[in-house]
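Student: I have a model open and would like to learn how to read its features. Can we take them one at a time?

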Amino acid sequence: MNSTMHCDGDAPKQDTRTNDSFDVIVIGAGLAGCTAARLFALQGLRVALVEHHADMASFKQLCTHFIQASATPTLRRLGLDKLIEDAGGVRNGVDIWTRYGWTGDIAPLDASGQPVFGYNIQRRTLDPILRQLAADTPGVTTLLGYSLRALARRVNASWGVELAGATRRVISAQLIVGADGRNSPLAELAGVKSASSDNCRFGAIRAYRNVSLRRGTCSQMWLRGPETAYVFPNDGGVTVIAYMTTKDKLDDFRGDPSEALERNMATFPDAPDLSDAERLGNALLVKDYPNVWRQPTVGNIALIGDALMSIDPLWGVGCGFAFQTAEWLVDTLVPDLKRHVPIAAALHRYARHVSRELNGHRFLILDFARRHGLNAVEKLTFCAAARDPAASRHLHAFGARLIGPSRFLSPRALLHATWVDLLRPAARTAQPDAPV
Ligand SMILES: Cc1cc2nc3c(=O)[nH]c(=O)nc-3n(C[C@H](O)[C@H](O)[C@H](O)COP(=O)(O)OP(=O)(O)OC[C@H]3O[C@@H](n4cnc5c(N)ncnc54)[C@H](O)[C@@H]3O)c2cc1C
């Protein structure tokens, strides 16, 4: 059985269920929450999916929509990849410019040698599709328009969750999943402290139509000293342009962020031509976005997606990790939830898995968020990637989060990069005088 109950404040539908207990309660119907709800339910579990927006079509505004290839297996398992393609989502790859030149959009390969890709799809398109997919999954009860209000510990160590909407409800489950985003009210209520670290950059983002790209139709990224710029082609012919730099330049953006975004963008080599572009909506200015992360579990609560880790958007990893952490949680917890045995050991395994998979990525991203340019190892690897397709493919496999830092920075990979840097000629697109 699947059901959707709306609490939109005007005409709350009556809840006809008599049973308020589920196997799993998921707080938050964003990417992470919908993924977890659908995958748990596909395994035969009864799931309550709680979302404080009443509108099925609500979507996250603050995103540049680049889903890394690491998440594609999860999208396929959800049955979402086909829906994304039907909705016009674009298979992605990225060409990256540093002063060493363009790396080329050289796709990483899977085990059978096939190129792998993620997707670019606007959140206004993606979020409603995924939420509907989750809501239509037998076993999912979707509670739209309900917010988490309080937690109540039960005698058997499971949590009851008090929800506020037009009516007050209390539901319970053996596992409560926090998929409620960066500020995670669930983590707050459960007393999970967040760790944080500074991000020295701010960002400006705007969407356009009819952008002329000079490097083909792939996504493009520029890294020049403290500055980063991006072009992301999406569904519906919409191209998102983003620019990030250090906060000492913020004053230049306060008056007219759009003008400042376009002026700075135009200074990059092979910058897109915006002369015929239609400007869509307003430019968004993200003035301060510190890195935030939390321990993965407490009691019978597990955190996934941004509730678990929300770090520098510069590398575009949040959506991919939202899908992946949801899948890791499901795969680790399902056996014990189905057998109705205590889940403490499974939650511990989930926490260990998360640490193993994410800590290295987080360490490097946090380190870059403090710096104003590339370090020695980054110079080595970007320089090699601009001169050698194999080094480029290796760099892209890491950027797409298909390999972790230890493989990316293996002695063999670093030796290859050193050999390339010493022996291969500079790329024609290099600008040796540009900041690095
Ligand atoms: C400027 C910017 C650009 C970005 N660009 C990219 C990019 O290009 N690629 C990428 O991979 N990532 C990007 N990200 C990160 C990405 O947007 C997030 O990592 C991703 O959306 C996280 O998904 P989530 O489901 O964990 O959380 P969210 O999308 O935040 O979903 C949380 C859900 O929980 C609901 N909720 C919250 N509180 C409650 C409550 N009390 N009760 C009930 N429901 C609740 C919310 O309404 C929401 O629906 C970007 C982020 C920023 C800031």
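Student: Is R401 buried or exposed?

Tutor: This is a predicted model, and burial in it is judged by counting C-beta atoms around a residue, with 20 or more others within 10 Å counting as buried. R401 has 21 C-beta neighbours inside 10 Å, so R401 counts as buried. Its place is in the loop between helix 11 (389–399) and helix 12 (405–408).

Student: What is the phi of R401?

Tutor: Phi of R401 is near 60 degrees, a positive value in a residue other than glycine. H340 is another such case, with phi near 55 degrees.

Student: Where is H340, and is H340 buried or exposed?

Tutor: H340 follows helix 8 and sits in the loop between helix 8 and helix 9 (344–370). The count for H340 is 9 C-beta neighbours inside 10 Å, and a residue with 12 or fewer is exposed, so H340 counts as exposed.

Student: How do I check the length of helix 8 (residues 318–339)?

Tutor: Compare the span with the one expected at 1.5 Å a residue. Helix 8 has 22 residues and reaches 32 Å from its first C-alpha to its last, close to the 32 Å expected.

Student: Where does helix 8 have a kink?

Tutor: The kink is at L333 and amounts to about 45 degrees. The proline P335 comes shortly after L333.

Student: How should I read the packing of helix 8 against helix 9?

Tutor: Take the axis distance and the crossing angle together. The axes of helix 8 and helix 9 come within 9 Å and cross at roughly 150 degrees. Angles over 145 degrees count as roughly antiparallel, so helix 8 is roughly antiparallel to helix 9. The crossing is right-handed.

Student: Which residues meet there?

Tutor: On the helix 8 side they include F321, W328, L329 and L333, and on the helix 9 side they include A346, Y350, H353 and L358.

Student: What about helix 1 (residues 31–42) and helix 8?

Tutor: Their axes come within 8 Å and cross at roughly 30 degrees. Angles under 35 degrees count as roughly parallel, so helix 1 and helix 8 are roughly parallel to each other. This crossing is also right-handed. Among the residues of helix 1 that take part are L31, T35, L39 and F40, and they belong to a group that meets residues of helix 8 including C319, F323, L329 and V334.

Student: How do helix 10 (residues 376–387) and helix 13 (residues 411–423) cross?

Tutor: The axes come within 9 Å and cross at roughly 60 degrees. Helix 10 and helix 13 are therefore oblique to each other. Helix 10 passes helix 13 in a left-handed crossing. The contact is made by L380, T381, C383, A384 and R387 on helix 10, and by L414, A417, T418, V420 and D421 on helix 13.

Student: Is C383 of that group buried or exposed?

Tutor: C383 is buried, because 25 other C-beta atoms lie within 10 Å. Leaving out residues up to four places away in sequence, C383 touches Y100 and D421.

Student: What does F66 touch?

Tutor: Setting aside residues up to four places away in sequence, F66 touches N92, N120, S219, F232 and G316. F66 lies in strand 4 (residues 66–67). It counts as buried because it has 27 C-beta neighbours inside 10 Å.

Student: Which residues of helix 7 (residues 257–265) are buried?

Tutor: They are P257, A260, L261, E262 and M265. These buried residues pack against strand 14 (201–209), strand 16 (227–233), strand 17 (238–246), helix 6 (251–254) and strand 18 (278–286).

Student: What does L261 contact?

Tutor: Apart from neighbours within four places in sequence, L261 is in contact with A204, R206, I241, Y243 and A283. L261 counts as buried because it has 23 C-beta neighbours inside 10 Å.

Key: Residues are numbered from 1 along each chain as its sequence is written. This is a predicted model: local features need pLDDT of at least 70, side-chain atom pairs count only at pLDDT 80 or more; totals for chains, interfaces and linings use all residues. Two residues are in contact if their C-beta atoms, placed from the backbone, lie within 7 Å. Helices (H or I, at least four residues) and strands (E, at least two) are DSSP runs, numbered from the N terminus. The expected span of a helix is 1.5 Å times one less than its number of residues. The bend at a residue is the angle between axes fitted to the seven residues ending there and the seven starting there. Axes are lines fitted to C-alpha atoms, for helices over the stretch in contact, and angles run from 0 to 180 degrees between N-to-C directions. Angles under 35 degrees count as roughly parallel, over 145 as roughly antiparallel, 65 to 115 as roughly perpendicular and the rest as oblique. A crossing is left-handed if the near helix is turned anticlockwise from the far one by less than a right angle, and right-handed if clockwise.
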